[in-house]
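Take a look at the charged side chains in this protein. This briefing covers where they pair up and how they are placed.

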Amino acid sequence: MNIRKRNVLLVTVISVVMAILRTLLVSVNLEKNSGNADIYYLPENFAVIAFAVASAILLLAFLVSAFKFGRKTVELDDASIASSVGSLIASFALIGTTIAYSFVFDARQKDPDFFANGIHGRDMVDSQEPSVLEIFVIAFAVASALKFLLIGIRNHRIAKLKPSSVSILTLFPIIFSALRLLYDFVETSAIPFASSNAYHMVSLIAVLLFFLTEGKAYVSESKAVLTDFYGYTAIFMLSVFAIPNFILHVFGTLTFDIDAAFSIADTGIAVYVITKLYSSKTTEAE
C-alpha cells in the first residue's frame, strides 16, 4: 500500500473517531433552543473548546501532510472499483435525500402548522411553499445524483467517458455545494448561530473546493496538494458534523427531518471523496 492510500485511510479513521467523540460531546452538552425546535447549542466549556482546538490542529496536520506528499500532479481513476462504489453510494445518498425532501414538502401541504411542530429542522420561514433557493438545491441534488450514478456505472463497466465530459458533469456537484452553502448562509442569518453551523459551513466550503480541483484535474494538470488538502478537510468536517447530526435525529434526541436527510447526503459525499482520493495516483509534472 503506497503512502497516498495510507494517508487517506488514516484521515478516514481519525475522522470517524472524532465524529464518535463529537456525538458523545453533543449528546452530553446539547442545549436546545426551545422545546419544539431542533436547533441546538453547546456551552463554551472545556470539552467543547478542546474539541474545536483539536479539530484545528488536525486540519493543520492535514495541510502539512498534503504539502509533504502532494507535490506531484494528481491523476483521478474513475474506472477503479473503489471509485465506482463511492460514486454509487453518493448517488444513492442524494436520491434518498430528495425522497425525504418530498415527504417534508408533502407534510407542508397537509399540515398548516408544520413549521410550528418542531419537525422542520432549520427552516424558519412561515410558508408552505418551497423557496426558489430550495428548488434549485433539490434540482441540483438530483442532477448530482445522476452524475455520480453515470460515473459509477459507465466508467467501470463500459467505455470510459472523455475527461472533458466528466469535467463538465462535475459542474453539477459544484453548483449543488455552492447552493447549499448559500442556503445555509441565508438560514443562519435569520436565526442565532448554532454551535454546529461552523462545522457544516466549513465542510461545504471544503467540498466545493474539492469538486473544483477535481473538475480541473480532468482537463489540465492539477497539483495533488490542493486535491489532498481539500479532500482531507471535506472528509473530516463532513464526518464530525453529519454523523453526530444523523445519530441525534435517528435516536430521538432531535426529530428526524430534512436536516437528517442531508446528513445522509453529506456522509455519502464523504465516502465519495475517500474513494476518489484512495484510487487516485500521482505523476511527475510535465
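Buried means under 20% relative accessible area, exposed means over 50%, and partly exposed lies in between (1.4 Å probe, protein chains only). Arg4 counts as buried, at 7% relative accessibility. This is a predicted model: local features need pLDDT of at least 70, side-chain atom pairs count only at pLDDT 80 or more, and totals for chains, interfaces and linings use all residues. Residues are numbered from 1 along each chain as its sequence is written, and side-chain values use heavy atoms, with hydrogens and water left out.

**Salt bridges**
- A salt bridge is a side-chain nitrogen of Lys or Arg within 4 Å of a carboxyl oxygen of Asp or Glu.
- By this rule there are four salt bridges.

**Arg4 and Asp228**
- These two side chains form a salt bridge at 2.8 Å, N to O.
- Arg4 lies in helix H1 (residues 3-29) and Asp228 in helix H8 (residues 224-250), so the pair ties together parts 224 residues apart in sequence.
- Helices (H or I, at least four residues) and strands (E, at least two) are DSSP runs, numbered from the N terminus.
- Asp228 is buried, at 2% relative accessibility.

**Asp78 and Lys276**
- Their side chains meet in a salt bridge at 2.2 Å, N to O.
- Asp78 sits in the loop between strand E3 (73-75) and helix H3 (81-110), while Lys276 is in helix H9 (residues 258-279), 198 residues apart.
- Asp78 is buried at 4%, and Lys276 is buried at 0%.
- A network of salt bridges links Asp78, Glu214 and Lys276.
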